[in-house]
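Try each task before you read its solution.

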Amino acid sequence: EHSTDVVLNVDLDGIIQFASPSVQTLGGFRPEEMIGRPALSLVDHAQRPAVAQAHAAALAEPGRTVTVE
């Protein structure tokens, strides 16, 4: 609730289930309008394949840390 970082919780399909209040300050979105939206919609088109691949890798190996810049 008080983090200055944007925190998103997504389901297995990459749909946002929670967005921290900081998403309004940093992204201009109200947290409640983020719920139900695909997280990939927040990623630049050129970077979407890498992020989608990282999401798939995280699902394939629970417990493994996957990082994407």
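**Exercise 1.** Which backbone oxygen lies 3.5 Å from a polar atom of the side chain of S20?

*Solution.* A word on the ground rules: this is a predicted model, in which local features need pLDDT of at least 70 and side-chain atom pairs pLDDT 80 or more, while totals for chains, interfaces and linings use all residues. Residues are numbered from 1 along each chain as its sequence is written, and side-chain values use heavy atoms, with hydrogens and water left out.

Step 1. Look from the side chain of S20 towards D5: the backbone oxygen of D5 is the one at 3.5 Å.

Step 2. Check the accessibility. S20 is buried because its relative accessibility is 4% (buried is under 20% relative accessible area, exposed over 50%, partly exposed in between, with a 1.4 Å probe and protein chains only).

**Exercise 2.** Find the salt bridges and say how exposed their partners are.

*Solution.* Step 1. Apply the rule: a side-chain nitrogen of Lys or Arg within 4 Å of a carboxyl oxygen of Asp or Glu. The count is 2.

Step 1. R30 is partly exposed at 42%, whereas E32, at 51%, is exposed.

Step 2. Another salt bridge links the side chains of R64 and E61, at 3.6 Å from N to O. Here R64 is partly exposed at 43%, and E61 is partly exposed at 42%.

**Exercise 3.** Describe the lining of the largest pocket by element and by class.

*Solution.* Step 1. Start with the space: the largest pocket holds about 400 Å³. Its lining has 17 residues, and V10, A39, L40, V51 and H55 are the closest to the centre.

Step 1. Assign elements. β1 (8-10) and α3 (48-60) each give at least two lining residues, and α3 has the largest share, with 5 residues.

Step 2. Sort by class: the lining has 13 nonpolar, 3 polar and 1 charged residues (nonpolar means Ala, Val, Leu, Ile, Met, Phe, Trp, Tyr, Cys and Pro; charged means Asp, Glu, Lys and Arg; the others, Gly among them, are polar).

Step 3. For the pocket itself, the search uses a 1 Å grid over the protein atoms alone: a pocket is an open set of points where a 1.4 Å probe fits, with protein on both sides within 12 Å along at least five of seven lines, and lining residues have an atom within 4 Å of a point. Points are joined across faces, edges and corners, and the volume is the space filled by probe spheres set on them.

Key:
Polar contact = N/O pair within 3.5 Å; in protein donor to acceptor, adjacent residues only side chain to side chain. Helix = DSSP H or I, 4+ residues; strand = E, 2+ residues; numbered from the N terminus.
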